[in-house]
Every structure is written in structure tokens, then in C-alpha cells.
Amino acid sequence: MTTWGLWYYRWDRSEYVRISDWNDQKFDYIVVTDGGYNGTEGKTAKYSGPGYDDGYNDAGELIDMIENQWLHNRNYIVEIPYFYVPPEGGKKARPLDYWLGWIDGAASRGSSRLRGFYWSLENIRYIQAGKLSRYTIETIWGRIMENKREYGVDYQFIWIPSLRSLFVSRDFSSEQDILEAVTYETDVPNIANYFNDVFIQPGYYFMNMDNILINGGIPYTYSLFVDILKTIHEYMPSNVSIEMEADGTVRVNDDAENYACDYVRAQIDALGYLWSDRAYYFDKSEITFEHMKNACPGW
């Protein structure tokens, strides 16, 4: 069993800010990614400019913070930040040259504790939507493999895409329509081979906690959750599983705890077992993870 835990920081326009409150090796790999208000996917990661050298230097600076200030002697994966926020607002994709520089800069500055890279884009259908090319993913994967050979480190490359980005992409007419979309309308089957592991965010916990319906007015029921997991298992490549999702609400709200525990129950009902490799989102607090491990055996 291999586990991956998300750990958050942000660039506050002038300095790095640590967000996550834990610093021990609870997981085989700590996934270091940006977060905070309007964070994740690179939106609160430092962006010095579009060039290769910008990416190289930005990554090196972050690696120094991770290894010398935040996560002493811990194995970690570092994000490849996808978006940046331009002066006029909104968000834009960082250029490919920047990403190649980022990979090279991280690999050159990282110690043996750097174990790979996390593709921080969460949208599960950017290629189908025409916003990202498969060539880009292939090129990034190729650069990671070049650094793997140069430094003799078995770098991992992982992705944690969100099903919610599919559920809001169009109106759905039925649960069967949703299951067919999970099968045929995501980028995962076409690019999963470029990643060591893909952990799909089901979105079940957060959509139920926020009372959000799937477009078309379809509720995200437990039975639909089970069927979605069956579909992922049947139609996705073998390196695809799910992310376990919770936040601090589980510590004070029984409904939240039950929704989070459903991630264990649904895997048993769908597969007869738990996926052995899994990623964890549990907000920024160590207490949330410990609470779920105690409240829900198998979580």
C-alpha cells in the first residue's frame, strides 16, 4: 500500500507561507502544492515570468524552502503549478517552457528526498475541451524521465483530477448519462499512461456537504457514488484509483463524518476491497486525518 498526503503552502507575493500544520511522515509521499484563498493548481504559487529560467529559478527557490525550512528529512512530491494569476485577474496556463524549466530546476536543487512531481491541474477534461494538448503532457513526462536518468532517482509523476469538473461541464439527463460520461468524457483513459498514479477526486463529500446537484438537477446519492467507483474500476486503466476526501467539518458534524466514511463503504460495495494506493485530502490540519482514521476503520 502506498499513500500520498496533500500538504499546502502559498506564495504571498513577497514570501512563502506554510499552511499545513503537520511535519511528519504519515504518508509514503507528501504532495507539496499551493493552497489558501483561491489557491491550488498554481494560482498561489510564485510566477516570475513565462520563460524557462523563470520556471527553473522559481522551482529551485521552492525546493530550498521545502527541504531547509518545512519538511526536514521527509520524502515529498512537488507540484508542477498549472495556472498563474495575471495582473488583470482571472487565471492563465503557464507556458510549456516554464514547466520544463520548473522540472529541471526542482531536480537540480532537490535532494534524494524529492521523489517526483504532481500535475496540479484538477480539470479532468481539458484535452477534450481543447484547452490542453496531449503533446504537452507527453513532453512534460519526457522531461521528468530525462531527469530520472540524469539523477538516478525514480521520480514519480501523479495526477489528482476532479470529477466535479465533469459534473458541471454540461447538463445530465440521468444517472446512466453520468456513468457514460465518466467512461467516455474524461482525459484519464488517454493520458493515464504518462503517470505512475492517477487519483480521481470523486467530489461526493464536498458536493453533498454544500448541497450541490450534478448539472441537470441530479443528486449525488450514495448508490450513484458506488456505481461511479464501479465504472472507474471497470473502464479506467489499472493505475487509476481515488482520492479520499474530508475537511475539518468531520470533527463537529456527524453528517460530514458519515459522508467521509462513505469513501470506505462505497469501495467495499463497489469492488469488494479498498484500493491499496490512495491519495488523501483532509484540509490543512493533522487533526482531521487522525479523526477520520479513528472514526472510520480503513480510511
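Predicted model: local features only at pLDDT ≥ 70, side-chain atom pairs only at ≥ 80, totals over all residues.

Q: Fine. How do the axes of α9 and α10 cross?
A: At roughly 70 degrees, and they come within 10 Å. Helix α9 covers residues 254–271 and helix α10 covers residues 286–295. Angles from 65 to 115 degrees count as roughly perpendicular, so that is how α9 and α10 sit relative to each other.

Q: Which residues make that contact?
A: From α9 you have E257, A260 and C261, and from α10 there's H291, M292 and A295. By type, the α9–α10 contact has four nonpolar residues, one polar and one charged.

Q: You mentioned C261. Is it buried or exposed?
A: C261 is buried, because its relative accessible area is 4% and the cut-off for buried is under 20%. C296 is buried too, at 6% relative accessibility.

Q: How many disulfides turn up in the whole structure?
A: Zero, going by a search of the whole structure.

Q: Back to α9. What about α8 against α9, what angle do they pack at?
A: About 60 degrees, with the axes 9 Å apart. α8 is residues 222–235. The two helices are therefore oblique to each other, and their crossing is right-handed.

Q: Which residues of α8 and α9 are in contact there?
A: On the α8 side, Y222, F225, V226, L229, K230 and H233. On the α9 side, the list includes D262, Y263, R265 and A266. The α8–α9 contact divides into eight nonpolar, two polar and four charged residues.

Q: Now the other end of the chain. At what angle do α1 and α2 cross?
A: Roughly 35 degrees, with the axes coming within 6 Å. α1 is residues 52–70 and α2 is residues 96–109. α1 passes α2 in a right-handed crossing. Among the contact residues are Y52, G55 and A59 of α1, plus L100, G101 and W102 of α2. That contact has nine nonpolar residues, five polar and six charged.

Note on methods. Residues numbered from 1 in each chain as written. Heavy atoms only, no water. Disulfide = S-S within 2.5 Å. Buried < 20%, exposed > 50% of the residue type's maximum accessible area, 1.4 Å probe, protein only. Axes fitted to C-alpha atoms, helices over the stretch in contact; angles between N-to-C directions. Helix = DSSP H or I, 4+ residues; strand = E, 2+ residues; numbered from the N terminus. Left-handed = near helix turned anticlockwise from the far one by under 90°. Contact = heavy atoms within 4.5 Å. Nonpolar A, V, L, I, M, F, W, Y, C, P; charged D, E, K, R; others polar. Parallel < 35°, antiparallel > 145°, perpendicular 65-115°, else oblique.
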